[in-house]
Amino acid sequence: VNTLEQNFPNPFNPATKISYKLVQSTNVVMEIYDANGEFVEKLLQTRQGPGSFSVTWDATKYPSGVYFYSLRTDQGNYFGKAVLVK
């Protein structure tokens with residue numbers, strides 16, 4: 001089963017690392033949404049093999065608040081919550 005880990009640090013300012021593990025080759029899309037569910041930014045869109053990966057989100061240009069990160073793979077969707085405090 002693929003896993004999406006809690007971002008670190010959290011709360012964060014201005015950047016945070018989002019780590020995940022894949023059990024097989026899959027298409028991967030990582031996106032950020034605001035508290036209203038509005039799309040904010042696409043961090044990653046690629047195909048990856050099995051293993052551990054991480055993406056850093058630099059939120060310098062965004063206001064403080066709650067954000068959600070989404071990991072979409074061929075096997076399913078995974079979500080996490082990040083808090084940006086400036």
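Predicted model: local features only at pLDDT ≥ 70, side-chain atom pairs only at ≥ 80, totals over all residues.
Me: Why is serine 19 called buried?
Reply: Buried means under 20% relative accessible area, exposed means over 50%, and partly exposed lies in between (1.4 Å probe, protein chains only). Serine 19 has 15% relative accessibility, and therefore counts as buried. Its place is in strand S2; strands (E, at least two residues), like helices (H or I, at least four), are DSSP runs numbered from the N terminus.

Me: What does serine 19 touch, not counting residues up to four places away in sequence?
Reply: Serine 19 touches Leu4, Glu5, Phe53 and Ser54, where contact means heavy atoms within 4.5 Å.

Me: What makes a set of residues a nonpolar core, and which residues have the most contacts inside the largest one?
Reply: A nonpolar core is a set of buried Ala, Val, Leu, Ile, Met, Phe, Trp, Tyr and Cys residues joined through side-chain atoms within 4.5 Å. The largest such core here has 21 residues, and Leu4, Tyr20, Met30, Ile32 and Trp57 have the most contacts inside it. Two or more residues come from each of strands S2 (15-22), S3 (26-34), S4 (39-48), S5 (51-58), S6 (65-73) and S7 (76-84). In soluble globular proteins, nonpolar side chains tend to be buried together.

Me: Why is the pair of tyrosine 20 and phenylalanine 53 called stacked?
Reply: Rings of Phe, Tyr and Trp (its six-membered ring) pair if their centres lie within 6.5 Å; planes under 30 degrees apart count as stacked, over 60 as edge-to-face and the rest as tilted. By this rule there are 6 aromatic pairs. For tyrosine 20 and phenylalanine 53, the centres are 5.6 Å apart and the planes 25° apart, and the pair is stacked. The pair links strand S2 to strand S5, across 33 residues.

Me: Are tyrosine 20 and phenylalanine 53 buried or partly exposed?
Reply: Tyrosine 20 is buried, because its relative accessibility is 1%. Phenylalanine 53 has a relative accessible area of 25%, so it is partly exposed.

Me: What makes the pair of tyrosine 62 and tyrosine 67 tilted?
Reply: Their planes stand at 55°, with 6.4 Å centre to centre, and the pair is tilted. Both tyrosine 62 and tyrosine 67 are buried. Together with Phe12 and Trp57, they form one aromatic cluster.

Me: How do you know that S2 and S5 pair?
Reply: Two strands pair if DSSP finds at least two bridges between them. S2 and S5 are joined by 8 bridges and run antiparallel, with leucine 22 opposite glycine 51 in S5. They belong to an open sheet of 3 strands in the order S1-S2-S5.

Me: Why are S4 and S7 said to stand at the edges?
Reply: Another open sheet has 4 antiparallel strands in the order S4-S3-S6-S7. S4 and S7 each have a single partner strand, so one side of each is left without a neighbour in the sheet. S6 and S7 pair in the antiparallel sense over 9 bridges, and phenylalanine 68 stands opposite lysine 81 in S7.

How values were computed
Residues numbered from 1 in each chain as written. Heavy atoms only, no water.
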